[in-house]
Amino acid sequence: MKKYKKNYLEAFNYSEGDQILSEITGTLAHDIHHIQARGMGGSHGKAGEEKDHADNLIALSRIEHDIIEDDNVYYRDWLKMIHNLYKGYNMCYEDIYRTTKLADPTHTDPIYEEFKEKIKRRMNG
């Protein structure tokens, strides 16, 4: 098992073979994604260790991962925010967003709304 995956599992008390859910939608995650890409600064030495730290990793479904890989820089800060919420509340972003919308119907997250549309198009296309 790759070190970054092991780091993620340990940080969230998962065992190898556990089903891990996406931090965005709560669907089955297939990938552990580096929020700050490993290729941006390398993966060896101190910089590489930081990139493989659980704070820089997020669980995603395959479709979510593909969408993010299309424009990783665009989504980077949004993913950091989602990951920090997940660490704090142990809830996927979709559940947090839905709860926030119930409390404040005017609340919106344009990136999330766009992201959901991209998922629908990929699933139907």
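Q: Let's start with a loop residue. Where is the place of Asn-90?
A: Asn-90 sits in the loop between helix 4 and helix 5. Keep in mind that this is a predicted model.

Q: Buried or exposed, that Asn-90?
A: Asn-90 counts as exposed because its relative accessibility is 57%.

Q: And what about its phi?
A: Asn-90 has a positive phi, about 55°, although it is not a glycine.

Q: How about Asn-13, what is its phi?
A: For Asn-13 the phi is positive too, about 55°, and Asn-13 is not a glycine either. Asn-13 is in the loop between helix 1 and strand 1, and at 71% relative accessibility it counts as exposed.

Q: OK, step back. How many helices and strands does the protein chain have?
A: Six helices and two strands. Going along the sequence, the pattern reads α-β-α-β-α-α-α-α.

Q: What radius of gyration does the protein chain have?
A: The chain comes out at 15 Å. A compact globule of 125 residues would be near 14 Å, so the value agrees with that. The C-alpha atoms fill a box of roughly 45 × 30 × 25 Å along the principal axes.

Q: How much of the chain is made up of buried residues?
A: Buried residues account for 36% of the 125. As for contacts between residues at least 6 apart in sequence, 66% of them join residues at least 24 apart.

Q: On to the inside. How many residues does the largest nonpolar core have?
A: It has 15 residues. Those with the most contacts inside it are Ile-24, Ile-68, Tyr-75, Trp-78, Leu-79 and Phe-115.

Q: Which elements give two or more residues to this core?
A: Those are strand 2 (57–60), helix 3 (62–70), helix 4 (72–89), helix 5 (93–103) and helix 6 (110–124). Helix 4 provides the largest share, four residues.

Q: What does Tyr-75 touch?
A: Leaving out residues up to four places away in sequence, Tyr-75 touches Ile-67, Ile-68, Ile-111, Glu-114, Phe-115 and Lys-118.

Q: Tell me about Ile-32. Buried or exposed?
A: Ile-32 is buried, since its relative accessible area is 13% and the cut-off is under 20%. Ile-32 belongs to strand 1. Not counting residues up to four places away in sequence, Ile-32 touches Tyr-4, Lys-5, Tyr-8, Leu-57, Ile-58 and Ala-59.

Q: Changing topic: how much space lies in the largest pocket?
A: About 200 Å³. Helix 1 (3–11) and strand 1 (31–34) are the elements that give two or more residues to its lining.

Q: One more spot. Where does Ser-61 lie?
A: Ser-61 is in the loop between strand 2 and helix 3. Its relative accessibility is 9%, so Ser-61 counts as buried.

Q: And what does Ser-61 touch?
A: Setting aside residues up to four places away in sequence, Ser-61 touches Ser-22, Thr-27, Leu-28, Ala-29, His-30 and Asp-31.

Q: Let's follow Thr-27, then. Which loop is it in?
A: Thr-27 is in the loop between helix 1 and strand 1. At 40% relative accessibility, Thr-27 counts as partly exposed. Not counting residues up to four places away, Thr-27 touches Ile-20, Leu-21, Ser-22, Ser-61 and Glu-64.

Conventions: Residues are numbered from 1 along each chain as its sequence is written. This is a predicted model: local features need pLDDT of at least 70, side-chain atom pairs count only at pLDDT 80 or more; totals for chains, interfaces and linings use all residues. Side-chain values use heavy atoms; hydrogens and water are left out. On a 1 Å grid over the protein atoms alone, a cavity is a set of points where a 1.4 Å probe fits but cannot get out, and a pocket is an open set with protein on both sides within 12 Å along at least five of seven lines; lining residues have an atom within 4 Å of a point. Grid points are joined across faces, edges and corners, and a volume is the space filled by probe spheres set on the points. A nonpolar core is a set of buried Ala, Val, Leu, Ile, Met, Phe, Trp, Tyr and Cys residues joined through side-chain atoms within 4.5 Å. Buried means under 20% relative accessible area, exposed over 50%, partly exposed in between (1.4 Å probe, protein chains only). Contact means heavy atoms within 4.5 Å. The radius of gyration is taken over C-alpha atoms; the globule rule is 2.2 Å times the number of residues to the power 0.38.
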